[in-house]
Amino acid sequence: MVELYFDGAVRPSNDDAAVGIFCKNSEGQVIERTFRITAENNHEAEFQAFLKAVELAEELVTQGESVFSFRTDSEAVSLAVEREFAKNKRIQIYFDPAFERFSRLPLAFVKWIPRSENKADRVAKDALNEY
């Protein structure tokens, strides 16, 4: 099983935003990825992080992976996936394509975790400080 932790980070004072992904594949290898993004708030950053995590999962499917546990400290993302719907129009821009692709993965689920357990939190904050 692949563990995919994802997180978005925003620095409102200067509009910097980043996504961090921490992934451990079924063989225990760690993959960390960061992306600079444009986001007005943390919710937008979290949904963009979900999309980037799904994109990584799609890559891993081509390498033979088939079971994905997505981990997030965003209740908004985990609830949207559970309900298969995001109400906010600005969030739908990110959620709809991400959920469509998520749904095509062989076996995938999203689990809410506390921020203290989100290994991507550090990755996202480090990325924010690098940009």
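Helices α1 and α3 pack at an angle of about 20 degrees, with their axes 9 Å apart (axes are lines fitted to C-alpha atoms over the stretch in contact, and angles run from 0 to 180 degrees between N-to-C directions). That angle makes α1 roughly parallel to α3, a term for angles under 35 degrees. This is a predicted model, in which local features need pLDDT of at least 70 and side-chain atom pairs count only at pLDDT 80 or more, while totals for chains, interfaces and linings use all residues. Residues are numbered from 1 along each chain as its sequence is written, and side-chain values use heavy atoms, with hydrogens and water left out.

**Contact of α1 with α3**
- The crossing of the two helices, α1 and α3, is left-handed (the near helix is turned anticlockwise from the far one by less than a right angle).
- From α1, the residues His43, Glu44, Phe47, Gln48, Phe50, Leu51, Val54, Glu55 and Glu58 meet Arg90, Ile91, Tyr94, Phe95, Ala98, Phe99, Arg101 and Phe102 of α3, contact meaning heavy atoms within 4.5 Å.

**Faces of α2**
- Helix α2 spans residues 75–83, and Val77, Ser78, Ala80 and Val81 in it are buried (under 20% relative accessible area, 1.4 Å probe, protein chains only).
- The buried residues of α2 fall within an arc of 160 degrees seen down its axis, so they line one face of the helix; the arc is that of the directions from the helix axis to the C-beta atoms.
- Glu75, Glu82 and Arg83 are exposed on the face of α2 turned away from its buried side, exposed meaning over 50% relative accessible area.

**Surroundings of α2**
- Packed against the buried residues of α2 are β1 (2–11), α1 (42–61), β4 (67–72), α3 (89–103) and β5 (107–112).
- Glu84 follows α2 and has a positive phi, near 60 degrees.

Technical notes. Helices (H or I, at least four residues) and strands (E, at least two) are DSSP runs, numbered from the N terminus. Angles under 35 degrees count as roughly parallel, over 145 as roughly antiparallel, 65 to 115 as roughly perpendicular and the rest as oblique.
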